[in-house]
Every structure is written in structure tokens, then in C-alpha cells.
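Subject: Structure handover

Hi,

Here is the structure I promised to pass on. My notes follow below it.

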Amino acid sequence: MNEVKQIVDDIKNGNLKPIYFLMGEEPYYIDKISDYIEENILDESEKGFNQVVMYGRDVSIDEIVSAAKRFPMMAEHQVIIVKEAQDLSRTIDKIDTYAENPQPSTILVFNYKYKKLDKRKKAYKAIAKKGLIFESKKLYENQVGDWIRRVLSGKKFNIEPKAAQMLVEFLGTDLSKISNELNKLTSVLPKETIINPSHIEENIGISKDFNNFELRKAVGGKDVVKANRIINYFAQNPKNNPLVMTISLLNSFFTQLLSYHGLKDKSKASVARALGVNPYFVDDYVSAARNYPMRKVSQIIGLLRDADVKSKGVGANQSNEDILKELIFRILH
């Protein structure tokens, strides 16, 4: 986020680059920077003649370069934005000649999602020298909760750890999806609100009592009744609770629990750092470690792998509901 803020601040201050090559696995920041350029470099009166949006599937590098070499009309700059530029991946290296001597009055933006330029190639080196290359990296799951807190803090909101975890478990690491849901929350709640699980349930539709976070907690605490209530709820709402996701999250939990057993320093701060979790959740691992010794955890990871294979239709004629029920029974007993 700091790098994105610096890029935006430079643009605000008039420190413009002739080429912005925005690439990487996480499209959220690529769109944020590109949208900011599209909305803010030119006045509305200048955009009609001097701002062009192209799409990678519809144009060639030669056409982009030809447009970039034109001079602006009654404006200091022209802006050319190439969206879905990854569709030009086979020919993108041909931009090297233009990148070595770009038109100073043109701001050329490439949105190169899910891919990266080869740093060894001439095109990368030329753009890096004369323009700006930004790589938008995918966040790991254990980083998304902090990202949510930072975004909400900037909007004068806060969020409880459990509520943040519910969003991560339901929406994954897709920052665009999460951002959309956060916008919904912040549009209906007053500023300074501390967002809690009830807010998530009421405004987004994720159950605060029947979700993967609560299932993981119930399994870790060997709460048989609660675990069975949750998996019965999952069986009645399979679209919102896909088995593959449940297995993945349980596997992550028990893999972390295995790491916990191997830690020498089991202080809360040390465990949180080692497992990559919020200190708020450390007690869940402490409790689960009492219920599941290292040997049992290793067996459970094996059970989860078997269930994952079955859930994908390999060597099993069970329904997803039966696979989950059998898995939870074998974990708890």
C-alpha cells in the first residue's frame, strides 16, 4: 500500500512518467492506479480529444505506439490506457523501441494483469529506466486481515478480529471482492463503528454462528454438538459453504497446529509471529493443542488429504455432505 500511495502522491504533485506498466497477480491495485490516472491527469474538457482507452485483445503494439507518438490537442498531455494488456503477452516485448525514447507528452498505461514482464528482457529494462513498473503481488491469506483493518482505518472504522476473519474465510484473498463488501458496510454504518460479526451477518449475509471459522473453533475445542450443528447447516446451504473451502481451511488450521507443537517459545507474541495469525486467535491453538497431540494432528492432516481427493470425485461415491460428516467424526474421535 505504501508503494501505491507514493505513486498516487507523485501523480498529484505533477511528477508524471511517460509509461506506467502495472503488472502482477493482484488486479486490485492495478485497477486503483489506472483508475486514478484515468480520472485525474486530464480535466474533463481535455479528455475528449486526449484520453483513449484501448483493450489488449483489440489492438497491436504497433497501433499503441502509433497512438502514443501523437501530440496532445490543446492540452499538456494525452493519456492512453491499455486495459487487459496481458492479451498482448506474445508481442509485448516489441514495446522496447518506444520505451527507449517515449513521447514526453504521452502518459501510456498498461494494465498487465496476472502476468509479469521478464526482467531480463530489453522491454523491462527500457520501461524501468524511462517509466515506472509496478508489480501488484497477491497477499497471503494471513495478510488479508491486516489489509482489511488498514483499509477500514483509513475510512474511520475499526473491525473485530473475528469479523475480519469471517470476511477472509468467506471471500478468500480477492481484494476487489473484499473491497466491495467493505464499501457496503461503510455506506450503511456510521463512522467510528467497530465492525463486529453481527454487522457482517446483517449486511453481507455471512452467518456469524455457522461458518468455517466457528467450525474450526468447535473442532479445535472438541465441541461435538456445535461442530455437528455447523456441518448440518452447511449441508442445507452447500452453495455458500463449498466443501473444498472447508477442507482447505481445516487443513490450514491443523498444519499450523502441527507447527505450534514444534515451537520452543509458546508465548502469545511468538506463536502469532510463527503461525502468521492475529494474537487474538492464539488461544484457539493453545486449546486445540491440548486436545490433539502431535501424532493425532499428523493423522488428521492425512484424513484431510483423503477427504480433499474424495471431494474432487476421485475414488469415492459419497456425497459432499457424507464426506464432511465422516471427516468431522474421524477428527473428533
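**Salt bridges**

Glu135 is partly exposed, at 24% relative accessibility (buried is under 20% relative accessible area, exposed over 50%, partly exposed in between, with a 1.4 Å probe and protein chains only). Note that this is a predicted model: local features need pLDDT of at least 70, side-chain atom pairs count only at pLDDT 80 or more, and totals for chains, interfaces and linings use all residues. Residues are numbered from 1 along each chain as its sequence is written, and side-chain values use heavy atoms, leaving out hydrogens and water.

Glu135 forms a salt bridge with Lys116, with the closest N and O atoms 3.5 Å apart (a side-chain nitrogen of Lys or Arg within 4 Å of a carboxyl oxygen of Asp or Glu). Lys116 sits in the loop between β4 and α6 and Glu135 in strand β5 (residues 132–135), so the pair ties together parts 19 residues apart in sequence. Helices (H or I, at least four residues) and strands (E, at least two) are DSSP runs, numbered from the N terminus. Lys116 is exposed, at 52%.

The whole structure has 22 salt bridges. One of them joins Lys113 and Asp31, with the closest N and O atoms 2.8 Å apart. This pair links distant parts of the chain: Lys113 is in strand β4, Asp31 in helix α2 (residues 27–40), 82 residues apart. Lys113 is buried, with a relative accessible area of 10%. Asp31 is partly exposed, at 25%.

Lys162, Glu214 and Lys226 form a network of salt bridges.

**Helix packing**

The axes of α8 (residues 161–171) and α10 (residues 197–204) come within 8 Å and cross at roughly 35°. Axes are lines fitted to C-alpha atoms, for helices over the stretch in contact; angles run from 0 to 180 degrees between N-to-C directions. Lys162, Ala163, Met166 and Leu167 of α8 meet Pro197, Ile200 and Ile204 of α10 (contact means heavy atoms within 4.5 Å).

Which helix is largely enclosed by the rest of the structure? That is α11 (residues 212–220), because eight of its nine residues are buried. Among them are Phe213, Glu214 and Arg216. The buried residues of α11 pack against α8, α12 (224–236), α13 (243–261), α15 (282–291) and α17 (320–332).

**Loops**

Two residues other than glycine have positive phi. Tyr114 has phi near 70° and is found in the loop between β4 (106–113) and α6 (122–130). Lys156 has phi of about 70° and lies in the loop between α7 (141–154) and β6 (158–159). Tyr114 is partly exposed at 46% relative accessibility, and Lys156 is partly exposed at 47%.

Best wishes
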